[in-house]
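Here's a quick briefing to get you oriented. Have a look at the model first, then read on.

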Amino acid sequence: LKASEVAEILRRDLVEGQYTLTGNLTPGIFQDDCRFVDPNNAVEGLAQYRKALGFLFDPAESSLDLKSLAVAGSDAIVAEYVASGTLKLPWRPKIAPWSGRITYTLNSDGLVSSQVDVWN
């Protein structure tokens, strides 16, 4: 896949699927053993990442607003967003809006081999 094609799929998955909150993503653009890193966790593998997301946020009370998404060279894509949400814990804590930046690294086949998310 070309970086521009992956970028468009990521754009759709972030805007429509809000996948960093729901796990609703297009698996075909990720390497099976993709590494997902954020300030709180590091998860190895697409299945583990999707499973972890399923436990975190209530999709009905969470949202992601994509601010920008751009191809950065031949092997990287960068997305910036603002998100907020309610955690799936018994006391339903609400997480105030936060700004984040995701850097996707692509392998030689054009698949995402790592996703690094940082936020304020």
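## Starting from one serine

S113 lies in strand β6; strands (E, at least two residues) and helices (H or I, at least four) are DSSP runs, numbered from the N terminus. What you're looking at is a predicted model, where local features need pLDDT of at least 70 and side-chain atom pairs count only at pLDDT 80 or more, while totals for chains, interfaces and linings use all residues. Residues are numbered from 1 along each chain as its sequence is written, and side-chain values use heavy atoms, with hydrogens and water left out.

**Around S113**

- S113 and D33 sit 80 residues apart in sequence, but their C-alpha atoms are 7.4 Å apart in space.
- Setting aside neighbours within four places in sequence, S113 is in contact with Q31, C34, R35, T105, L106 and N107; contact here means heavy atoms within 4.5 Å.

- β6 (residues 112-119) pairs with β5 in the antiparallel sense, joined by 7 bridges; two strands count as paired if DSSP finds at least two bridges between them.
- In that pairing, T105 stands opposite S114 in β6.
- β5 and β6 make a hairpin with 5 residues between them, and G110 in the turn has a positive phi of about 85°.
- β6 also pairs with strand β1 (residues 30-37), this time in the parallel sense, over 4 bridges.
- Here it's R35 that stands opposite S114 in β6.

**The other strand pairings**

- β1 runs antiparallel to strand β2 (residues 42-44), and 3 bridges join them.
- F36 has V43 in β2 as its bridge partner.
- The hairpin from β1 to β2 goes through 4 residues.
- β4 (residues 76-86) pairs with β5 (residues 94-106) over 10 bridges, in the antiparallel sense.
- Y81 stands opposite G100 in β5.

**The whole chain**

- There are 3 helices and 6 strands in the chain.
- In sequence order, they follow the pattern α-α-β-β-α-β-β-β-β.
- The chain's radius of gyration is 14 Å, close to the 14 Å that the globule rule gives for 120 residues, so the chain is as compact as a globular protein of that length; the radius is taken over C-alpha atoms, and the rule is 2.2 Å times the number of residues to the power 0.38.
- Along its principal axes, the C-alpha trace spans about 45 × 25 × 25 Å.
- Of the contacts in the chain with a separation of 6 or more, 48% are between residues 24 or more positions apart.

- Buried residues make up 42% of the 120 in the chain; buried means under 20% relative accessible area, exposed means over 50%, and partly exposed is in between (1.4 Å probe, protein chains only).
- The chain exposes about 6400 Å², with carbon and sulfur atoms supplying 54% of that; the areas come from the Shrake-Rupley method with a 1.4 Å probe.

**Two loop residues to look up**

- Q18 lies in the loop between α1 (3-15) and α2 (19-22).
- Phi of Q18 is near 45°, a positive value in a residue other than glycine.
- Q18 is buried, with a relative accessible area of 18%.
- R92 lies in the loop between β4 and β5.
- For R92, phi is near 50°, again positive in a residue other than glycine.
- R92 is partly exposed, with a relative accessible area of 33%.
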